[in-house]
Structures are given as structure tokens and as C-alpha cells.
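Work through the following exercises with the coordinates open. Each task is followed by a solution in steps.

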Amino acid sequence: MATTIKAIAAAAAALTLLALPTTGDAQSGASRQPIAFGGDTLENTADGVVLRGRAEVVQGGNRLRADVLSLVRASDGDLQRIDATGTVYLVTSEQSMRGDRAVYTPSSGEVVVTGDVILTQGQNVLTGGRLVYNVNTEAARMEGAPRGAAGRRVQGVFYPEGTN
């Protein structure tokens, strides 16, 4: 059980990296706050740990929630990948993200969110079919999604400061 808890804690710590672009979290020391996790079931498998049913990891004001969270270990025991499936939400103090699936690879710092992706920050909204974000470089790319003959475009609404 200690290995399971360590794996979840390592995964949760990695997940908090997703919130690094928000300066408020860095200033509040969210990455040093306790990590809480939960789900309807927790399964320790040969490859890692799986939380199912209202699965979530919370640290400070950062929350990752999905139907299923799979924390996949590499052969050396380090966290290799986190898969979030079902309706996936990542909420920080300044922004939120929703998608159908998210995969986070700590070694590259890359997060890939697919499905009906919705990013919000205040009143600003960006939608698309696939988001690739690197937590190390803060580089991001949103792509449209194929839907019908015309496809679906990336769309957004941004409010200049002072207009709300």
C-alpha cells in the first residue's frame, strides 16, 4: 500500500505542474500543499494505479477530475504517464480546461488533451479538438477537429481588460 500511495503522490505532484503557468499558484506555494486523492475504487496493477469513478487529485486550489485516472509506472518505478479519461476537468485558481481525454508525460512535460476541448480564463474562452501544451516551455497549440466535410475550426472569444 505504501508503494501505491507513493505512486499517487508522485503523480499528483506531477499533475500540479500543469498549473505552473498561473503565477498565483506559484506565489501561493500550491506545489508544497498536501495532496488529496479519491475515487470510487482504487486498483494497484502491475503497471501502476487506477482510480475509477469520480477520480480526482487535489492540491491547494488545483483539481484534476476524470471518470478514470491511470497512473502508469515505468520499469524503474518512476511515473511514466498519466491518462485521464471520461469527462476530464483541470481547474486552477485562474483557469479551467475540459476535454474527453488527457495524457500527461512528465519526461517531456507534454500534455495532450483531446475531444471537445474548452479552455477558459475569466471570460475568455478557447475551443478546439486537440490541445498540446508543454508545461516546461509553456508552448501551446490548439487544433480544430475533423467533423463532417468542412471540419471544425479553433474558435475563441477574448475580452480586452477593462471590458467586463
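A residue counts as exposed when its relative accessible area is over 50%, as buried when under 20%, and as partly exposed in between. The model used here is predicted.

**Exercise 1. Classify Phe-158 as buried, partly exposed or exposed, and find what it touches.**

Step 1. Locate the residue: Phe-158 sits in the segment after strand E10 (155–157).
Step 2. Apply the cut-off. The relative accessibility of Phe-158 is 56%, so the residue is exposed.
Step 3. List the contacts. Not counting residues up to four places away in sequence, Phe-158 touches Asn-124, Val-125 and Leu-126.
Step 4. Compare sequence and space for one of these partners. Phe-158 and Leu-126 are 32 residues apart along the chain, and their C-alpha atoms are separated by 8.3 Å.

**Exercise 2. Describe the overall fold and surface of the protein.**

Step 1. Count the elements: there are two helices and ten strands.
Step 2. Read their order along the sequence, which gives α-α-β-β-β-β-β-β-β-β-β-β.
Step 3. Take the burial total. Of the 164 residues, 35% count as buried.
Step 4. Take the contacts with a separation of 6 or more; residues 24 or more positions apart account for 38% of them.
Step 5. Take the surface. The protein exposes about 9,200 Å², and carbon and sulfur atoms supply 51% of this area.

**Exercise 3. Determine whether Ser-70 is buried or exposed, and name its contacts.**

Step 1. Ser-70 belongs to strand E4 (residues 62–73).
Step 2. The relative accessible area of Ser-70 is 17%, so this residue is buried.
Step 3. With neighbours within four places in sequence left aside, the contacts of Ser-70 are Val-49, Val-50, Arg-81, Ile-82 and Asp-83.

**Exercise 4. Find the salt bridge of Arg-54 and state which parts of the chain the pair ties together.**

Step 1. Find the partner. The side chain of Arg-54 meets that of Asp-40 at 2.6 Å, N to O.
Step 2. Arg-54 is in strand E3 (residues 48–59) and Asp-40 in the loop between strand E1 (35–38) and strand E2 (41–44), so the bridge ties together parts that are 14 residues apart in sequence.
Step 3. Check the accessibility of each end. Arg-54 is exposed at 64%, while Asp-40 is partly exposed at 48%.
Step 4. Check the backbone of Arg-54: its phi is positive, about 50°, although the residue is not a glycine.

**Exercise 5. Relate Thr-87 to Asp-100 and to its contacts.**

Step 1. Thr-87 lies in strand E5 (residues 79–91) and is partly exposed, with 30% relative accessibility.
Step 2. Between Thr-87 and Asp-100 the sequence separation is 13 residues, and the C-alpha to C-alpha distance is 4.9 Å.
Step 3. Leaving aside neighbours within four places in sequence, Thr-87 contacts Arg-65, Ala-66, Asp-67, Arg-98 and Gly-99.

**Exercise 6. Characterise the largest pocket and its lining.**

Step 1. The volume of the largest pocket is about 480 Å³.
Step 2. The lining has 20 residues, and the closest to the pocket centre are Gln-95, Met-97, Leu-119, Leu-131 and Tyr-133.
Step 3. Strands E6 (96–105), E7 (110–121) and E8 (124–134) each supply at least two residues of the lining.
Step 4. Sort the lining by class: 13 nonpolar, six polar and one charged residues.

Methods. Residues are numbered from 1 along each chain as its sequence is written. This is a predicted model: local features need pLDDT of at least 70, side-chain atom pairs count only at pLDDT 80 or more; totals for chains, interfaces and linings use all residues. Side-chain values use heavy atoms; hydrogens and water are left out. Helices (H or I, at least four residues) and strands (E, at least two) are DSSP runs, numbered from the N terminus. Buried means under 20% relative accessible area, exposed over 50%, partly exposed in between (1.4 Å probe, protein chains only). Contact means heavy atoms within 4.5 Å. Accessible areas come from the Shrake-Rupley method with a 1.4 Å probe; for residues, only the protein chains shown count as cover. A salt bridge is a side-chain nitrogen of Lys or Arg within 4 Å of a carboxyl oxygen of Asp or Glu. On a 1 Å grid over the protein atoms alone, a cavity is a set of points where a 1.4 Å probe fits but cannot get out, and a pocket is an open set with protein on both sides within 12 Å along at least five of seven lines; lining residues have an atom within 4 Å of a point. Grid points are joined across faces, edges and corners, and a volume is the space filled by probe spheres set on the points. Ala, Val, Leu, Ile, Met, Phe, Trp, Tyr, Cys and Pro count as nonpolar, Asp, Glu, Lys and Arg as charged, and the others, Gly among them, as polar.
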